[in-house]
Amino acid sequence: MNAHQENPHPAPQLPTPVSVIGLGPMGRAMVRTLLAAGHEVTVWNRTASRAAGVVSDGAKRATTPREAIEASPLTLLSLTDYQAMYDILTDATASLSGRTLVNLSSDTPGRSREAATWAAGHGAAFLTGGVMNPAPMVGTDEAYVYYSGDEDVLTRHRAALAVVGAPKYLGADPGLAQLMYQAHLTVFLTALSGLMHATALLGTAGVTAEQALPELFLTADTIGAMMTAGEERPGAALDAGEHPGDLSTVTMMGATADHILETSATLGLDLALPSTILGHYRRAVEDGHGGDNWTRIIDGMREPRVG
Ligand code: NDP
């Protein structure tokens, strides 16, 4: 066979060895999923005892971060924040050259950009990632992960990264995946706070959380339907700067927000969440937009009042 002929029986590609640094619930879920997909996985965690479970599942334990980096061409970082990466890799920077770091930890877009520059300074390829599912869903068909940074890095390691969740590439800016992660988590965290405030509200009347939550989930479904279908199409209208006031107006929503605040106060609940929400509608009313659709509250978020 000459150099230009394709081998009709190419050797099957072995799964890339992967190192995982950070073994919280998310890191451990990634390790188990990678092991199940046939990857050789090396792990390191600051609190060594947290590695015991995945080591008994078949992962190799590195005794130092440097050993973990040197064990694989690809290292996934699953940490509380980006500072943890610097803390961990301080003594391993000499080993980074020619290797790939994929940081799947939460932080700001700015710190993700700085990290990409830092990694490049040590000769390492770098990708920012945001895992968009809870740990138990890692590796399932529903799991997906946003990535941004050098697309070649994703292309090179797509097979291993796809084991964790379907990769969604956003662009070359290493901060973009982090921004998307934060955008999702803004929706997620406010919804979780809303669910707990609502459960506390119902609890004052003896409604248990077990009874309350399935009812409240119905509203979560309604939000999805409202944002993606029907006459309102708030996304398209928002992009066009239109808030026509033909369905749910600022005044109506603001009145409801006022009622929630008053009820919460009467029942002795924390008022932080309902006060903040009411503030969004009050601002739009003060700006003369009471008759617009509720989407008008985005103006106050884009241009907060100083003082
Ligand atoms: P945990 O907080 O449980 O674990 C964080 C990891 O970071 C641990 O391994 C911890 O080490 C390590 N760590 C933190 N600070 C330092 C430091 N200064 N030096 C060394 N190690 C440090 O988090 P999760 O596993 O739940 O999450 C990891 C990342 O994944 C987070 O960024 C999170 O936002 C993201 N994520 C998590 C999801 C989930 O369902 N859990 C869902 C989607 C994203 P040690 O064990 O020694 O404390």
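Begin by selecting T190, A191, I223, I277 and Y281, the residues nearest the centre of the largest pocket, which has a lining of 36 residues. A pocket here is an open set of points on a 1 Å grid over the protein atoms alone, where a 1.4 Å probe fits, with protein on both sides within 12 Å along at least five of seven lines; lining residues have an atom within 4 Å of a point. The model is predicted: local features need pLDDT of at least 70 and side-chain atom pairs count only at pLDDT 80 or more, while totals for chains, interfaces and linings use all residues. Residues are numbered from 1 along each chain as its sequence is written, and side-chain values use heavy atoms, with hydrogens and water left out.

Next, colour the elements that give two or more residues to this lining: α7 (176-203), α8 (209-228), α10 (250-266), α11 (272-286) and α12 (298-302). Helices are DSSP runs (H or I, at least four residues), numbered from the N terminus. The largest share, eleven residues, comes from α7. The largest pocket holds about 2000 Å³ of space, a volume being the space filled by probe spheres set on the grid points, which are joined across faces, edges and corners. Its lining comprises 25 nonpolar, ten polar and one charged residues. In these classes, Ala, Val, Leu, Ile, Met, Phe, Trp, Tyr, Cys and Pro count as nonpolar, Asp, Glu, Lys and Arg as charged, and the others, Gly among them, as polar.

Now select M26, S78, L79, L104 and Y181, which lie nearest the centre of the second largest pocket. The volume of this pocket is about 890 Å³. Among its 33 lining residues, α7 supplies the most, with five.

Which domains supply at least three residues each to this lining? Both domain 1 (18-171) and domain 2 (181-302) do; the bounds come from an automatic or database domain assignment. The centres of the two domains, taken over C-alpha atoms, are 36 Å apart. Nine residues of domain 1 are in contact (heavy atoms within 4.5 Å) with four residues of domain 2.

Finally, select helix α4 (residues 82-89) and helix α5 (residues 109-121), whose axes come within 10 Å and cross at roughly 25 degrees. Axes are lines fitted to C-alpha atoms over the stretch in contact, and angles run from 0 to 180 degrees between N-to-C directions. The crossing therefore makes α4 roughly parallel to α5 (angles under 35 degrees). Show Y82, M85, Y86 and L89 of α4 with R111, S112, E114, A115 and W118 of α5, which make the contact.

Technical notes:
Parallel < 35°, antiparallel > 145°, perpendicular 65-115°, else oblique.
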